[in-house]
Amino acid sequence: MAFSGALTLADLNDFITPAQECIKPVEQAAPASDPSATPIPGGAATEISIDETGEYYARVKGQDGRGVGEKQKLQKAEITLNDCLACSGCITSAESVLITMQSHLEVLSHLSPTSSSPTPRKTAVASLSPQSLSSLSASLLSPPPLPILFRRVAHHLRALGFDAVFDTTFARHLALREVEKEYEERVQKGGREQLPMLASACPGWVCYAEKTHGELLPFVSRAKSPQQVMGVLVKEWYAKQLGKSPDEIYHVTIMPCYDKKLEASRSDFYSSVYQTRDVDCVLTTGELDILLSSPPTPSSPTPDLSLPVPSEHLPTPPERLIPHHLAHPGTSSGSPLHTLLLSRAAAHPRPTTLSTHTPRAGQADATEYVLSDAVSGEVLFKGAKCYGFRNLQNVVRRVGREKGLRTGRGAAGRAVARRRGGGKEGEGEQERGLDFVEVMACPGGCVNGGGQLKPGLRATRTEMETDEEGRPRDWEADGVLVRPPTPPGASSEKDMRWGTKEWVARVERAYWTSASPSTPSAPPTLALIPPPTPPPGETEGETDFLELLRAAWADPVYGEADECTGRVLREMGCGDGGRREELLRTSYRAVESDVAGGLGVKW
């Protein structure tokens with residue numbers, strides 16, 4: 001099984017138990033015994049050999065210990081996306097699992113079914129994440145405003161055969177409101193016993209928690225991620241608008257990371273009634289770029305996002321159906337922490353102040369936010385932003401210490417337990433613990449997802465055909481964008497490598513770029529760029545940032561989004577009961593494991 005070419009040892013800082021190959025227990029039928037062979041008592045019954053092509057063969061051993069009879073070729077084990085969730089042998093970002101099962105080629109095959117296909121063509125719907133749109137924008141020398149770029153992408157996708165193209169920001173709005181609702185429920189039902197609540201929008205983090213930190217799962221938010229909420233909207237709500245059933249819709253999402261493929265494959269998001277998933281296929285931003293490089297017909301020109309398309313200044317039908325281009329001020333990873341910060345401040349009857357704390361200079365990925373009463377100084381809410389697995393380890397240990405948990409299972413858990421064994425008794429009781437943590441597996445958050453466009457260029461043909469370790473790669477089959485080298489002087493970012501701070505900052509700026517004021521019919525978007533990271537230590541009285549959040553959320557577009565949320569939920573039959581929970585929340589399962597170097601799993 002080939003690993004994704006986007007994933008290299010040099011690119012990652014989030015190894016837990018790195019293994020070079022996935023593993024899965026396989027029940028193997030014994031080969032037919034040779035009449036002339038007499039197995040040695042207590043010895044191995046078969047001899048395994050490997051030929052020059054890497055194929056495995058089995059042969060029965062004779063009494064002299066040598067193989068007799070004919071060789072039988074062994075079949076390679078097939079590993080599905082669901083199997084990966086039960087394996088602790090890989091790096092936790094899980095970006096290497098059977099990418100071809102959810103690829104641009106798979107999408108093209110659904111968009112262009114053969115005439116002999118027994119099933120009628122399904123209505124094809126695409127949902128584009130704002131992080132992917134920002135990555136596309138950053139790759140252009142003169143990018144248009146994001147709403148215009150969205151309409152250009154939608155135009156080219158419709159030319160390929162898609163019937164409708166949405167963005168996912170309204171689904172994110174609905175998910176944020178569900179996060180707020182769940183947080184209030186936790187506070188009312190269990191007080192601080194059910195806190196901190198840990199964000200669940202990142203499938204890499206959820207996969208890691210299920211495999212190595214099952215004790216933390218009760219604290220993980222059960223609200224579905226924006227991708228899966230979008231799946232519900234498309235299959236449950238939009239399908240009804242079209243007079244179709246969920247299984248008559250083929251839903252493709254475009255996301256910034258490969259882990260979203262794993263998320264879409266979870267059994268929680270599968271309808272046994274209609275035998276369909278909420279999200280049928282997930283493409284990364286790089287795979288979308290490859291898809292857009294496929295002309296609709298051999299005689300058609302290759303789509304170019306830098307060129308205008310007809311009616312790009314007018315909203316598309318999906319944009320008129322539900323709100324689009326919602327910025328949700330705070331972070332480019334969805335802003336659940338900042339949404340809760342603002343709601344807690346609004347619920348307090350007196351003025352509040354906001355302070356931040358960073359452990360080290362330049363560590364914006366690990367920032368703590370403290371909301372306090374402006375008069376008494378009482379701490380009302382304490383949250384943290386935690387991006388990247390290096391910072392995640394610190395948060396896991398801190399939450400375990402505050403809640404009295406033994407964080408981790410298997411080898412990784414024992415190592416953590418040993419490191420925290422010498423802590424002071426009562427530590428964590430002197431101050432308020434965390435209330436909420438915005439967790440993302442990727443350093444820099446979603447704009448730096450492993451599936452984003454990669455500006456790193458390989459200057460020679462040999463380098464383009466190999467990865468960082470010199471191993472041969474079929475980049476296009478793995479869904480990785482590889483552009484030909486840019487002519488000297490053509491682009492200032494030609495020498496950038498994927499994951500550099502400069503490139504991530506460029507994508508971040510593209511994410512927060514507002515629509516041009518001269519753009520007619522474009523809904524208002526916000527140019528709220530988060531404040532610079534403060535120096536190490538406490539920075540008191542950042543009330544200005546809190547006021548900035550209030551002003552941003554006061555934009556009428558969010559009131560309209562709330563009204564649309566209520567209408568859509570009513571049309572789906574969602575009150576505050578079981579139907580709403582069924583559609584907007586999920587559950588998690590711990591994987592029983594005792595892993596030593598990723599070589600075993602307890603099933």
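Visitor: Is Arg-579 buried, partly exposed or exposed?
Guide: Arg-579 is partly exposed, its relative accessible area being 27%. Here buried means under 20% relative accessible area, exposed means over 50%, and partly exposed lies in between, with a 1.4 Å probe and protein chains only. The model is a predicted one, in which local features need pLDDT of at least 70 and side-chain atom pairs count only at pLDDT 80 or more, while totals for chains, interfaces and linings use all residues. Residues are numbered from 1 along each chain as its sequence is written, and side-chain values use heavy atoms, with hydrogens and water left out.

Visitor: Which residue does Arg-579 meet in a salt bridge?
Guide: The partner is Glu-582, at 3.6 Å from N to O. A salt bridge requires a side-chain nitrogen of Lys or Arg within 4 Å of a carboxyl oxygen of Asp or Glu.

Visitor: Where do Arg-579 and Glu-582 lie?
Guide: Both belong to helix H18, residues 578-584, and they are three residues apart, about one turn of the helix. Glu-582 counts as exposed, at 51% relative accessibility. A network of salt bridges with shared partners joins Glu-178, Lys-181, Glu-185, Arg-580 and Arg-585.

Visitor: What about Arg-177 and Glu-180; which helix holds them?
Guide: Helix H5, residues 169-190, contains both, again three residues apart, about one turn of the helix. Arg-177 is partly exposed at 23%, whereas Glu-180 is buried at 15% relative accessibility.

Visitor: And Asp-435, buried or exposed?
Guide: Asp-435 is buried, with a relative accessible area of 0%. The side chain of Asp-435 meets that of Arg-432 in a salt bridge of 2.9 Å, N to O. Arg-432 is partly exposed, at 27% relative accessibility.

Visitor: How many salt bridges are found in the whole structure?
Guide: The search finds 27.

Visitor: Changing topic, how many helices and strands does the protein have?
Guide: There are 18 helices and 15 strands. These are DSSP runs numbered from the N terminus, helices being H or I of at least four residues and strands being E of at least two.

Visitor: What share of the residues is buried?
Guide: Buried residues make up 52% of the 603 in the protein. The protein exposes about 27,100 Å², of which carbon and sulfur atoms supply 52%; accessible areas come from the Shrake-Rupley method with a 1.4 Å probe, and for residues only the protein chains shown count as cover.

Visitor: What share of the contacts joins residues 24 or more positions apart?
Guide: Such pairs account for 74% of the contacts with a separation of 6 or more, a contact being heavy atoms within 4.5 Å.
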